[in-house]
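Biologist: Could you walk me through this one? I'd like to know what stands behind each label you use.

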Amino acid sequence: MKVFVNIVSYFFVLLFVYASVSKLMDFEAFQVQLAQSPLLSAYANFISLAVIIIELIIAALLCINRTKLFGLYASFGLMIAFTVYIYLILNYSDFVPCSCGGILEKLGWTEHLFFNIGCIILAALAIFILKRPIIKNERKKLQYALVLIIIAIGSSSLVIGLFLSSEHIIKKENNFTRRFPPHPIDSPRYLDLKTNSFYFAGQNGDTIYLGNKSAPLIMGTIMPNFNGIKIDTLKLDDMTLPFREVKLQVDYPYYSLSDGHVPAVFEGKLPDKKAKLVMYKQAYFSRMVMVTPYKSIFRGQSTLTGENIMGLISTLPSTQISFNTTFLEKQIDGVFDTDGSFIRDPKAKKIIYTYFYRNEYRVLDSTLSFSGKGKTIDTISKAQLKLATLKDGTTKMSAPPLKVNIDQAAYDGLLFNESNLRGKHESAEMWKEAKIIDVYHYPTGDYRYSFYVHHNKQEKMRSMLVTKKYFYALRENQLIKYQRMR
């Protein structure tokens, strides 16, 4: 029986030493792997070191006769912890990551689970055999069984507690650790648009509408079969206005063309391709988004303070304009610090405003009412801007700002945000090869996951759009259609 105990002890010594040395030889990769764990992401730095140290200590305890029993107890507890971790991965995680490496790199998660259960049984048998000469009655047997039960409960509770805490930190109080599930978008298809001047103007299911910066009255339509682009030319009932930047938006069958520099808004309903002037010189704006037919939300500047404010234009039965002067929260000047982009969720009919220079997005409904806010996972809570006031009283940036968020898309409560900042445990090389998209459930403020959209040499994604089944990206002359796997 002593031979069995020694065999089990040396087995665990081999297992733990090999595992810890393998982790040390590629420690950075091990940390990244833990950071991508859907259970322990928030504690990757601490756990990556703790696991290696604990494995080496247990291996040392098992090599000394006087501490062998304690080493077996520790082995039992550690394998319980590993087993609970794998069980949670398989049953309660948001996704199942790639299997871990080392001595068991050929095993999948289910095989790992059974291997660990076998190790638990071996450790428990070795403990009972080692203590068999001391156990002289049933009461003693129950005492040692109780010790194993307490260790099992303690190990399980520790892993479950770390899991729950990590989930709260990652989703609610993220310390800038991203999760990359395997293949959130896949199976790309490519469509050559012949020009790089197209932008997303709207969608109707998986029929995609494009506007054109070079030819503002051109509307491109991509049907769900994704076989080509249909070009239509829209018309305005007043072509004499001093247009500078006309923007097309489509909420099929309704559409609008607007230019905040004039300022003017035209509206129409397909198949009629002639849009009528519905607002002229009533409110200047820097950006406008159609939220429902005959209603658009815009960002302008207050005539009283000069600060950015949000407004609503309603054009039916007559044109009316209202403002929300408190939606954008001033930190420095109320102009540069509140700058950002805002997009429409076509399913939920919400507007999501994402600041460029700080980690926050805010939500408006179709009546211009505040509907909630959330944080992006970076740590820049205050805009890092340097401003200078010129002699003529105008304010300019005196140094390049730290830009946090770049571009967004939304669908059915999910916000897809292109981030400009690299998180913990992320490859600098990958940031040169791809853009990163973070996904949030904006009604609850939860961070969900991240993924890369790869460049094609120097060609980078410049805009994105999301539907129920697909993720679309514009890259130079191409429209790319990815299958959404999540």
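What follows is a chat about the labels and the values behind them.

Modeller: Heads-up: this is a predicted model, where local features need pLDDT of at least 70, side-chain atom pairs count only at pLDDT 80 or more, and totals for chains, interfaces and linings use all residues. Residues are numbered from 1 along each chain as its sequence is written, and side-chain values use heavy atoms, with hydrogens and water left out.

Biologist: What makes β2 a mostly covered strand?

Modeller: Buried means under 20% relative accessible area (1.4 Å probe, protein chains only). Six of the seven residues of β2, 198-204, are buried. A strand here is a DSSP run of E with at least two residues, and a helix is a run of H or I with at least four, both numbered from the N terminus.

Biologist: How do you know that β2 and β3 pair?

Modeller: Two strands pair if DSSP finds at least two bridges between them. β2 and β3 (207-212) have six, in the antiparallel sense, so they qualify.

Biologist: Why are β11 and β14 called edge strands?

Modeller: The open sheet runs β11-β12-β13-β14, with antiparallel pairing. β11 (287-292) and β14 (320-324) each have a single partner strand, so one side of each lacks a neighbour in the sheet. Neighbouring strands are turned by 25° against each other on average, direction ignored. β11 is joined to β12 (295-301) by five bridges, and valine 289 stands opposite isoleucine 297 in β12.

Biologist: How do you know that the length of α5 agrees with its residue count?

Modeller: The expected span is 1.5 Å times one less than the number of residues. For the 22 residues of α5 (109-130) that should be 32 Å, and the end C-alpha atoms are 31 Å apart, which agrees. Its buried residues include Trp109, Leu113, Ile120 and Ile127.

Definitions and conventions: Buried < 20%, exposed > 50% of the residue type's maximum accessible area, 1.4 Å probe, protein only. Axes fitted to C-alpha atoms, helices over the stretch in contact; angles between N-to-C directions.
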